Amino acid sequence: MLSVASMLTFARSPWLMRIFPVLLVCLALATCSSHLLLPQVTTPAQPGLRDLSSVQLIAVSASNDSQASAERAALLTSLLRDGLSLRGYREGSPAQLRAYYWLGLRSEPVELSTDLPPPGLLGPYQSVHRLQEEHATLHLRLTDLHDQVLWEGQVDTDLSPAWNSDEQLHKASNALLQQVPMAR
């Protein structure tokens with residue numbers, strides 16, 4: 001067992017005093033680099049939503065989602081179906097409410113320039129890499145059968161890099177569905 005005196009000596013050691021600021025910087029960088037999803041409820045739950053639980057999912061094609069693949073659309077439908085069922089809504093007939101959903105995509109170019117001398121006698125050159133960064137806004141609108149909005153929300157997410165877009169879409173749908181009121 002370490003005595004209190006030996007623990008105080010260890011706490012004052014130069015090694016620990018140097019590593020502590022490094023750990024603080026690493027923690028700050030990790031906090032800044034994580035993307036927090038902030039869902040927005042644009043129309044709070046209306047009293048008419050309280051007693052409705054049978055839902056019909058309706059995919060709406062946004063004008064800018066022509067880039068959306070069939071796999072992404074199928075994944076989104078599955079995520080929303082599963083998430084709504086966890087909130088107490090079941091997909092069935094006759095439907096008491098409609099769940100309209102769409103994914104608005106935005107793509108912006110990203111250019112990475114690299115100015116490195118070549119290994120041979122060719123002289124200086126510039127290498128430019130052109131990439132596309134993809135962002136999306138997931139919208140969900142719950143309406144009655146007369147299309148009166150009972151609840152609406154949205155969440156913004158990044159879909160880049162492409163190898164991680166399914167996971168990002170999953171996180172975004174979970175964050176948005178957490179805002180949907182539970183069905184009775």
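Biologist: How far apart are the end C-alpha atoms of helix α4 (residues 165–177)?

Modeller: Happy to start there, with the note that this is a predicted model, in which local features need pLDDT of at least 70, side-chain atom pairs count only at pLDDT 80 or more, and totals for chains, interfaces and linings use all residues. Residues are numbered from 1 along each chain as its sequence is written, and side-chain values use heavy atoms, without hydrogens and water. The expected span of a helix is 1.5 Å times one less than its number of residues. For the 13 residues of α4 that gives 18 Å, and the end C-alpha atoms agree with it, being apart by 18 Å.

Biologist: Which pattern does the protein chain follow along the sequence?

Modeller: Helices (H or I, at least four residues) and strands (E, at least two) are DSSP runs, numbered from the N terminus. The protein chain has 4 helices and 6 strands. Read along the sequence, their pattern is α-α-β-β-α-β-β-β-β-α.

Biologist: Among contacts between residues at least 6 apart in sequence, what share joins residues at least 24 apart?

Modeller: A contact here means heavy atoms within 4.5 Å. Of the contacts in the protein chain between residues at least 6 apart, those joining residues at least 24 apart make up 74%.

Biologist: What percentage of the 184 residues in the protein chain is buried?

Modeller: Accessible areas come from the Shrake-Rupley method with a 1.4 Å probe, and for residues only the protein chains shown count as cover. Buried means under 20% relative accessible area, exposed over 50%, and partly exposed in between. The chain exposes about 12,300 Å², with carbon and sulfur atoms supplying 60% of that area. Among its 184 residues, the buried share is 32%.

Biologist: Which residues have the most contacts inside the largest nonpolar core?

Modeller: A nonpolar core is a set of buried Ala, Val, Leu, Ile, Met, Phe, Trp, Tyr and Cys residues joined through side-chain atoms within 4.5 Å. The largest one has 30 residues, and those with the most contacts inside it are Tyr89, Leu140 and Val180. The elements giving two or more residues to this core are β2 (54–59), α3 (70–86), β4 (97–114), β5 (127–144), β6 (149–158) and α4.

Biologist: What does valine 180 touch, not counting residues up to four places away in sequence?

Modeller: In soluble globular proteins, nonpolar side chains tend to be buried together. Valine 180 touches Leu84, Arg87, Tyr89, Leu140, Leu142 and Trp151.

Biologist: Is alanine 172 buried or exposed, and at what relative accessibility?

Modeller: Alanine 172 is found in helix α4, where Leu169 and Leu176 are among the other buried residues. Leaving aside its neighbours within four places in sequence, alanine 172 is in contact with Leu37, Leu138, Val155 and Thr157. Alanine 172 counts as buried, because its relative accessibility is 0%.

Biologist: Where are arginine 72 and glutamate 134, the pair that links distant parts of the chain?

Modeller: A salt bridge is a side-chain nitrogen of Lys or Arg within 4 Å of a carboxyl oxygen of Asp or Glu, and a search of the whole structure finds 5 of them. In this one, the closest N and O atoms of arginine 72 and glutamate 134 are 3.4 Å apart. The two residues sit 62 residues apart, arginine 72 in helix α3 and glutamate 134 in strand β5.

Biologist: What separates glutamate 167 and lysine 171 in helix α4?

Modeller: Glutamate 167 and lysine 171 form a salt bridge, with their closest N and O atoms 3.3 Å apart. Glutamate 167 counts as partly exposed at 42% relative accessibility, and lysine 171 counts as partly exposed at 40%. Because they are 4 residues apart in helix α4, their separation is about one helical turn.

Biologist: Which side chain does a polar contact of 3.5 Å join to histidine 135?

Modeller: A polar contact is a pair of N or O atoms within 3.5 Å; within protein, one must be able to donate a hydrogen and the other to accept it, and residues adjacent in sequence count only if both atoms are side-chain atoms. Histidine 135 lies in strand β5 and counts as buried at 12% relative accessibility. Its side chain is joined by a polar contact of 3.5 Å to that of glutamate 133.

Notes:
Buried < 20%, exposed > 50% of the residue type's maximum accessible area, 1.4 Å probe, protein only.
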